[in-house]
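Please read them with the structure open.

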Amino acid sequence: MKTQEKLKKLGKKLTSEAKKGKNPNLDIPTRSLSNVVYDKKAGMVKMGTSSSKRYLFNVAHIKKFVQTLEVASTAKELLKVNKHLNLREVYYRVKRTLPGTNINIVDEQTETNKAIEDLELITGVPREQLHINADKEGVAAGKVIILDKGDTINWSKLGSGGWSVPSNVENIKFKKVNAKFIIYLEKMATWERLHEDKIWEKLDCIIIASRGQATRGIRRLLQRLSTEHKLPIYVLVDGDPWGIYIYSVLKYGSISLAHMAETLVIPKAKYLGLSADDVTKYGLEKHLIRFKDVDVKRIKQIRTYDWFKDDKEWQKQFDRWKKLGGKVELAALTSRGISFISDTYIPEKIKKKDWLD
Amino acid sequence: MVVKTAEQLAGEQREISVAEFFEKNRHLLGFDNATKALLIAVKEMVDNSLDACQEAGILPDIKIKLKIISEDRVKVTVEDNGPGIVKEQIPRIFGKLLYGSKFYKMQQGRGQQGIGVSAALLYAQLTTGKPTLVISRTAKNKPAYQIILRMDTVKNEPHVIMESKYEKRFADRGTYVEMEIEGKYRKGERSVDEYVKETAISNPFAKITYHVNGDKITYPRIINKLPKDPKPIKPHPHGVEMGVFERMSKMTKSKTTAGFLVKDFCRVSLGKANSVLKLAKVRPNTKPKNLTHKEVESIWRNLQKTKIMNPPTNCLSPIGENVLEKAVEKDLKTEFTAAITRPPSVYRGMPFQIEVCIGYGGELSPNSPAQIMRFANRVPLLYQASAGAIQKEIQKISWGQYHVERSGNMPYGPYVIIVHMASVWIPYTSESKEAIDPYEEISKEIRLAIQDCARKLKKYLAGQKRRHLEAKRKGLFEKYIPEIAESLSYLSEENKAAILKSLQSMLKKEKIEGEDDEDSGETEETGEEANK
């Protein structure tokens, strides 16, 4: 069924309920820790089966009910005129005050963000297909040629900027992929370092970066490259709980996007660094930044995740980090030489298969 | 230095009359200052009128007028439609202190002492020098008489200045009293205004018209039925002090001591009298006059120790739950009113009965402490609130439990709390008769009655809160519905007006669910991801 049809069907369901004098309601799968399961076999966090009803005539539900409805009609409008809005723009499109009151349909963007996720769950359509995008913030380089909206783009011929990854990569076609692996970086600065060193040319790889958590567009791009071209993905992040969590989301998924696990999760992702062992191996002890209380707390949380808690290697890592008592940034590798990361660190680690899985 | 002999001194000493005594101690009657004096004067005159009407079985119609002559001088007139006073009686009623018919009676009544309207006359005379004018008529076929009189304070005797037929128009029956006193008219708490308002509530069978200079307030009659006449009762042995008991033994008409106990007291049977006298070692047929002081005391002590049936309670005349509720509703324009009349109870051998009424909302002020109105035998008590049992009990109630806000120790908001004590004898804390002594039995009854009313109030307030919430919720949905109809119409591609209509008809029927915000423990993750 076409996305527009799905939205119309949703509207018809609610309308007919109202006409029958039945309290119109939306059935929304529960997005909470209690309703996600780690599917060990598939290696990803998946949605459970519990759901909750959201009613129109219920004081506690009405606001969210209306938000979901408003987001749905915004999506319908976007599909009709074949245009896209990003999350912030959707927020402004929906935001207004009920006439004669001081009640706002939405107060904060987080409310429309949630409503959009709800709509994805209700319709089973990812938001990109509802023509709602996130801000794009990703960049790629390598010996890859793609087709995007009729344009042929060569990732190796884009100067110092690289290819800017759009928020929706569903319609990208890979014409030619000449690479042995992909390096994903959480820092734009590190990507620029590797790009300047032409590491993708020297090592036959693709380098992709985002800021912090990977956007859905980047995750989807990584997943497609990983599955369609059987490329291993090496994740390179700061050596701290937040870096490890970025890796965790890429590889296993997250609670809030459990419903999209199949299209986003990359089970073949590997943790290249920075590991606790790197700190001693590459003499970075003096660059340790002492953990704050929140860091220690976060490590404690992460190490109990289903996919980490029985993994001896990872448990060892967490113990070592705890012992080190501080974190190390990717940029710290520069202390060993301007291009140390491209010339020594990455080739050595990959050659020695010095990663965590 | 002149030395005086005992004889000379004795010559200077003379008896002081009651009137002379009060001339020097007027605060004992409540005339301590000009503001209070005005109130007391009005109160004595109105009490007199109400009593007269009630005794004669006439529904009272009372007109009170204050004419403010200067800053501290007021002309007070009170006119009633009572039975009138025979011409010969007028001077004694108005011009002689302690002249009355109630002094030795155990009966529920407004005043408990003979000092009444004559004290007001005395006060007028003392402060302005002006005599009092009384006009009275006892029947249509009889003439009205006017008498202008003063009091001879040395002799405690009335002194008539002028007496004549009143030739101008006068009502068919009734009494008119006019006096000019030193007094200050004020508004607010403890004012004459407040006294009149409260009197109207506790005497709903009376029509009261109240004028201050040109302004007029009318309190209409709320029920057309006089309360049942309170019956006088004989004293109960447990309610009599030793001194009074001894005086009664000297004044009794009974020939024997046993007879004295049986006839002059209630609930004493001959058997009971004999057993008490046996314990007291007094022969039952001793002439009461011949009893020694020691014997009297022994009888009294043994009476106190003996268990005696409680006094009869049919001597009480409460206002009544329904009547009180109606009066408060009409006079104070409350939104909700609940009253309770407790069953009669007994303290120290005295039967009494407590009534409480709580009013809420309407024209009561929401931004002030609750109004407290205290009554003893239908008379408003305006002074010394904090000294009495009523305020003490109100403060002890946990008002929060009844959804009533409080400020300090007192309930706060649009509330009025009315407490009435009816008894043959009200135990006041002092001579000015303004606060009820907190006897344990009395306090308990007050507490139970307040709690009872407060429970009814709580139920009402909870209902009101629910109705308010329900209305608020419906209002919320009314605002949302047009927006919902708009979106639904766009999504479903169906007619907007039809959707709007079905949603609106649902709102009318639907009981809106939901208390507070939806549970949404959602995710443990940071918000960052949701934006990506």
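1. I218(A) sits in helix 7 of chain A, residues 216-228; helices are DSSP runs of H or I with at least four residues and strands are runs of E with at least two, numbered from the N terminus. I218(A) is buried, having 26 other C-beta atoms within 10 Å. A residue counts as buried with 20 or more other C-beta atoms within 10 Å of its own, as exposed with 12 or fewer, and as partly exposed in between, the C-beta atoms being placed from the backbone.

2. Leaving out residues up to four places away in sequence, I218(A) touches G138(A), V165(A), I208(A) and S210(A); a contact requires C-beta atoms, placed from the backbone, within 7 Å. K136(A) is 82 residues from I218(A) in sequence, and their C-alpha atoms are 8.8 Å apart.

3. The model is predicted: local features need pLDDT of at least 70 and side-chain atom pairs pLDDT 80 or more, while totals for chains, interfaces and linings use all residues. Residues are numbered from 1 along each chain as its sequence is written, and chains are lettered from A and ligands numbered from 1 in the order in which they are written.

4. Helix 1 of chain A (residues 3-19) has 17 residues and spans 25 Å from first to last C-alpha, close to the expected 24 Å, which is 1.5 Å times one less than the number of residues. Its buried residues are L7(A), L10(A), G11(A), L14(A), T15(A) and A18(A). Viewed down the axis of helix 1 of chain A, these fall within an arc of 130 degrees, so they line one face of the helix; the arc is taken over directions from the helix axis to the C-beta atoms.

5. Those buried residues of helix 1 of chain A pack against helix 2 and helix 4 of chain A, and also against helix 13 (440-492) and helix 14 (496-509) of chain B. After helix 1 of chain A comes G21(A), with a positive phi near 75 degrees.

6. Helix 2 (residues 62-81) and helix 4 (residues 109-123) of chain A pack at about 70 degrees, with axes 9 Å apart. Axes are lines fitted to C-alpha atoms, for helices over the stretch in contact, and angles run from 0 to 180 degrees between N-to-C directions. That makes helix 2 of chain A roughly perpendicular to helix 4 of chain A, the term covering 65 to 115 degrees.

7. Chain B contains 14 helices and 16 strands. Of its 532 residues, 42% count as buried.

How values were computed: Angles under 35 degrees count as roughly parallel, over 145 as roughly antiparallel, 65 to 115 as roughly perpendicular and the rest as oblique. Two residues are in contact if their C-beta atoms, placed from the backbone, lie within 7 Å.
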